[in-house]
Amino acid sequence: MTTGVTVWLTGLPSAGKTTIAYELADRLRADGHRVEVLDGDEIREALSAGLGFSRTDRDTNVQRIGFVAELLARNGVLALVPVIAPYTDSREAVRKRHDSNRTPYLEVHVATPLAVCSARDVKGLYAKQAAGELTGLTGVDDPYQEPTAPDLRIDSQHQTVRESAAAVYAVLTERGLL
């Protein structure tokens with residue numbers, strides 16, 4: 001069986017996590033790999049419906065996604081997880097779950113500055129927050145704890161989506177995970 005791995009892409013809203021994950025998924029599938037993208041927005045609608053955005057609900061959401069990702073990876077799937085996961089301890093708990101099962105795990109910090117994310121504003125969240133229609137926006141009025149030692153840091157504002165995906169692909173290759 002092919003080794004699976006979880007690639008967790010964390011970063012602010014509109015950082016480019018999901019776009020990079022889908023670009024990487026296309027490349028990996030073209031190489032014949034089994035790949036699933038666990039998109040944070042889709043997971044919220046299906047697996048975590050009913051959860052809000054309190055600290056407890058965010059942690060629960062991250063742990064649910066981490067469980068599914070580890071299960072997939074343990075069974076030979078490359079699980080790409082573009083999820084904000086704003087808290088260090090939540091991400092660390094997911095890593096520990098993977099470690100306890102000897103399942104490979106990579107943390108990728110898509111380190112796009114807040115000003116760039118706000119200008120992109122893919123979902124209109126920053127505009128709603130600025131207009132007073134939204135509170136609890138990660139990185140603005142709710143915390144985002146940046147990873148201190150990610151496996152890879154991507155400054156997406158300085159490279160194309162294809163280059164960002166290639167950087168993740170390179171780390172997977174270098175670590176013998178492909």
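Helix α1 is 14 residues long and spans 20 Å between its first and last C-alpha, close to the 20 Å expected at 1.5 Å a residue. The model is predicted. In it, α1 (residues 17-30) lies across the strands β1, β2, β3, β4 and β5, and these five strands form an open sheet with parallel pairing.

**Helix α1**

- Which residues of α1 are buried? They are Lys17, Ile20, Ala21, Leu24, Ala25 and Leu28.
- An α-helix has 3.6 residues a turn, so residues three or four places apart point the same way.
- The cover over the buried residues of α1 includes the strands β1, β2, β3, β4 and β5, together with helix α7 (161-174).
- Relative to β3, α1 runs at about 165°.
- Glycine 32 follows α1 and has a positive phi, near 90°.

- In what order do the strands of the open sheet come? The order is β2-β3-β1-β4-β5.
- The edges are formed by β2 (35-37) and β5 (152-154), each of which pairs on one side only.
- From one strand to the next, the twist averages 20°.
- Strands of a sheet pair through backbone hydrogen bonds, either parallel or antiparallel.

**Strand β3 and its partners**

- Strand β3 (residues 78-82) pairs with β2 in the parallel sense, over three bridges.
- Within β3, alanine 79 is the bridge partner of glutamate 36.
- Strands β1 and β3 also run parallel, and five bridges join them.
- Leucine 80 in β3 is the bridge partner of valine 7.
- How many of the five residues of β3 are buried? Five of the five are, and the strand is mostly covered.
- Leu78, Leu80 and Pro82 point one way from β3, while Ala79 and Val81 point the other way; all are buried.

**Helix α3**

- Helix α3 (residues 55-74) lies across β1, β2 and β3.
- The direction of α3 is at about 150° to β1.
- Strands β1, β2 and β3 are also among those that α1 lies across.

Notes. Residues are numbered from 1 along each chain as its sequence is written. This is a predicted model: local features need pLDDT of at least 70, side-chain atom pairs count only at pLDDT 80 or more; totals for chains, interfaces and linings use all residues. Side-chain values use heavy atoms; hydrogens and water are left out. Two strands pair if DSSP finds at least two bridges between them. Helices (H or I, at least four residues) and strands (E, at least two) are DSSP runs, numbered from the N terminus. Axes are lines fitted to C-alpha atoms, for helices over the stretch in contact, and angles run from 0 to 180 degrees between N-to-C directions. Contact means heavy atoms within 4.5 Å. Buried means under 20% relative accessible area, exposed over 50%, partly exposed in between (1.4 Å probe, protein chains only). The expected span of a helix is 1.5 Å times one less than its number of residues.
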